Amino acid sequence: MCGIVGYSGFRRASEVIIESLKRLEYRGYDSAGMAVINHGITVEKKRGYVSMLKGEMEGRTGIGHTRWATHGEPSDKNAHPFTGCTGEFAIVHNGIIENYMELRKDLVKKGHKYASDTDSEVIVHLLEEGYAEHKDFKKAFFEMIGRLRGSFAIVAVHRGENRIMAVKKESPLIVGIGEEENFLASDIPAFLSYTNRVVIMEDGEVCELDPDGISFYDFQGNERKKKTEYVDWTPESAEKSGYEHFMLKEIFEQPLAIENTMHTLFSNDIDLPYYGRITIVACGTSYNAGITGKYLLEKLLGIPVDVYYASEYRLRPEVRERSLVIFITQSGETADTLVAAKIARKRGYETVGITNILGSSITHHVDHVIYTSAGPEIGVAATKTFTAQLAALYYLGAALGEKYGILSQMKCDEIIDEFRRVPRLIEKSLDYEGTIKKIAQKIMNSENMFYLGRGMNYPIAMEGALKMKEISYIHAEAYPAGELKHGPLALLKEGVPVVAIVTRDETYDKMLSNIREVSARGATVIAISPETEIENYVDYRIPVPKNSAMFSPFGNTVAVQLLAYHTAKLRGCEIDKPRNLAKSVTVE
Ligand code: AGP
């Protein structure tokens with residue numbers, strides 16, 4: 001996955017591009033570059049972060065790119081933009097050109113010389129071919145699109161013009177509308193400090209943009225009318241606002257993210273038919289939300305819920321079942337999840353997408369969309385989007401329970417009442433940051449960790465382990481606490497930290513025995529629990545507020561997020577941009 005931008009207006013393009021790229025760095029950060037139209041086309045590109053770009057060039061129109069390598073190692077030569085043989089065009093690309101090998105061979109035969117190992121570079125050579133024939137940028141652009149197979153968002157400029165041509169197919173691209181200036185970007189935060197008026201491009205659309213106007217076309221060149229939308233995200237929502245890292249800011253934004261998500265959920269009707277079975281499909285953190293959803297929905301609705309990793313769902317043979325299939329993806333762009341959604345639809349299932357991003361790709365591949373309103377999440381580690389996904393699933397449980405006649409009106413009202421108190425519950429959990437910081441000091445030098453939970457808090461243990469691995473690089477594994485003795489206990493050594501999530505419900509006594517088991521083997525036990533009594537059995541306790549077991553995942557999530565954050569910080573890790581990871585993974 002990469003981040004791409006385009007600007008044409010009255011400002012110095014290089015400054016706008018650098019600022020916009022910094023806001024897209026969560027999408028990739030192994031190299032960055034830009035091209036600006038002036039007397040010719042000036043290009044600056046490098047391996048490394050956007051901050052390495054100087055951006056000292058004149059010009060009011062330009063394009064930029066921040067890369068997460070797929071084809072070709074991260075290096076100066078593989079950084080975008082590409083300018084081809086003549087230097088008349090510059091292009092940036094996000095996605096994968098599947099037929100690049102055959103195109104490349106063909107173009108090399110015609111005399112084109114390649115400067116990189118990427119699939120993307122064929123695009124600029126194709127533009128040169130088309131331009132040589134038609135002497136028209138727009139015609140050459142459409143012709144180039146016709147030759148490509150795969151997924152692509154492409155933004156291109158031509159020497160001597162302040163016009164930008166762009167295309168979207170299965171990779172996101174949004175247009176920002178300003179006054180005498182216009183923007184293009186992979187995601188809204190890129191231009192949020194200039195405008196909140198946006199047009200969301202759909203697959204199969206081309207955009208032609210200059211400071212005075214924007215036109216949209218289909219791939220055949222027919223003009224399309226598009227709707228302008230207003231986003232209510234503020235520019236500050238894409239800034240660190242005094243926090244040291246986006247991740248910390250986003251952890252602390254959770255009460256607001258849940259409140260906004262509730263507002264969105266309450267003001268939209270959820271009308272999903274009854275199938276007697278639910279399948280949830282997702283990746284990473286969204287998968288962990290899905291497992292939490294399984295425990296919850298089975299409890300509330302009394303119907304079976306299966307959860308699949310999206311990359312595995314596609315391998316599933318066609319089975320005879322009637323099921324509502326829910327895809328959870330905060331970005332709405334995860335390739336594995338999109339492929340799974342297409343398969344489910346092809347097989348005739350009724351599908352639902354839960355996403356945080358307006359108009360994202362998943363919204364085009366499902367029958368029903370449920371939006372979370374967590375605001376932009378820049379840190380690669382998902383935090384507020386996870387609790388917002390949980391909120392959507394809790395609400396879904398109550399709403400479907402009522403609609404299907406499974407839950408009484410009273411039970412539903414009870415759940416919704418408690419649901420409304422979640423932002424306060426999270427606020428109270430955030431108060432224990434000080435305690436968590438101290439615990440992080442004790443575990444910061446560990447090489448391995450275990451996370452234990454039971455029932456609805458097993459997926460929260462999974463999420464805790466994922467956060468810890470992802471940002472602190474400590475090897476952390478989560479187990480349903482009862483499973484430990486069936487093998488993994490052999491790995492326990494003196495001093496290995498074990499995080500145990502202990503809730504006062506039917507799992508409580510069993511959790512206590514599991515804690516005794518690990519303590520007896522010398523583990524350092526950290527309990528996340530509202531119960532003071534636990535202190536008799538463990539080394540440290542994170543005292544999350546007392547709450548019903550059903551809603552305990554919210555407070556417990558905050559505790560595991562903060563523990564991962566402070567441990568990673570003490571270890572000096574790149575918290576917002578962990579090595580080898582990108583915010584959304586748009587390759588399968
Ligand atoms: C979470 O911290 C990760 N960055 C990752 O596991 C992520 O949740 C996963 O890639 C799925 O992303 P999505 O929700 O955008 O589909």
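Predicted model: local features only at pLDDT ≥ 70, side-chain atom pairs only at ≥ 80, totals over all residues.
Reader: How much area do they bury between them?

Author: Domain 1 and domain 3 bury about 940 Å² between them, and 58% of that is on carbon and sulfur atoms. On the domain 1 side, Y26, Y29 and W68 lose the most area to domain 3. Together these three account for 55% of what that side buries.

Reader: Why give an area for an interface?

Author: The size of an interface is often given as the accessible area lost when the parts come together.

Reader: Helices now. At what angle do helix 10 and helix 11 pack?

Author: Helix 10, residues 384-403, packs against helix 11, residues 409-420, at an angle of about 165°, and their axes are 9 Å apart. The angle is over 145 degrees, so helix 10 is roughly antiparallel to helix 11. Their crossing is left-handed.

Reader: Which residues meet there?

Author: From helix 10 there are A391, Y394, Y395, A398 and E402. They meet Q409, C412, I415, I416 and F419 in helix 11. By class, the contact of helix 10 with helix 11 has eight nonpolar residues, one polar and one charged.

Reader: And helix 7 with helix 10, what is the angle?

Author: Helix 7, residues 284-301, and helix 10 pack at about 20°, with axes 9 Å apart. An angle under 35 degrees counts as roughly parallel, so that is how helix 7 runs relative to helix 10. The crossing of helix 7 with helix 10 is right-handed.

Reader: Which residues make the contact?

Author: Helix 7 brings T285, S286, N288, A289, T292, G293, L296, L297, L300 and L301. Helix 10 brings F386, Q389, L390, L393, Y394, G397, A398, L400 and G401. The contact of helix 7 with helix 10 has 11 nonpolar residues, eight polar and no charged ones.

Reader: What about helix 13 and helix 16, at what angle do they pack?

Author: Helix 13, residues 433-443, and helix 16, residues 552-570, pack at about 50°, with their axes 8 Å apart. That angle makes helix 13 oblique to helix 16. Helix 13 passes helix 16 in a right-handed crossing.

Reader: Which residues touch?

Author: E433, I436, K437, I439, A440, Q441 and I443 of helix 13 meet A559, L562, L563, H566, T567 and L570 of helix 16. The residues of that contact divide into eight nonpolar, three polar and two charged.

Reader: New topic: which residues does the cis peptide bond join?

Author: The bond joins H80 and P81, with omega about 0°. P81 sits in the loop between strand 4 (61-67) and strand 5 (89-97).

Reader: And K135, is its phi positive or negative?

Author: Phi of K135 is positive, near 55°, and K135 is a residue other than glycine. K135 lies in the loop between helix 3 (121-134) and helix 4 (137-147).

Note on methods. Residues numbered from 1 in each chain as written. Heavy atoms only, no water. Axes fitted to C-alpha atoms, helices over the stretch in contact; angles between N-to-C directions. Helix = DSSP H or I, 4+ residues; strand = E, 2+ residues; numbered from the N terminus. Parallel < 35°, antiparallel > 145°, perpendicular 65-115°, else oblique. Left-handed = near helix turned anticlockwise from the far one by under 90°. Contact = heavy atoms within 4.5 Å. Nonpolar A, V, L, I, M, F, W, Y, C, P; charged D, E, K, R; others polar. Buried area = accessible area lost by both parts, 1.4 Å probe.
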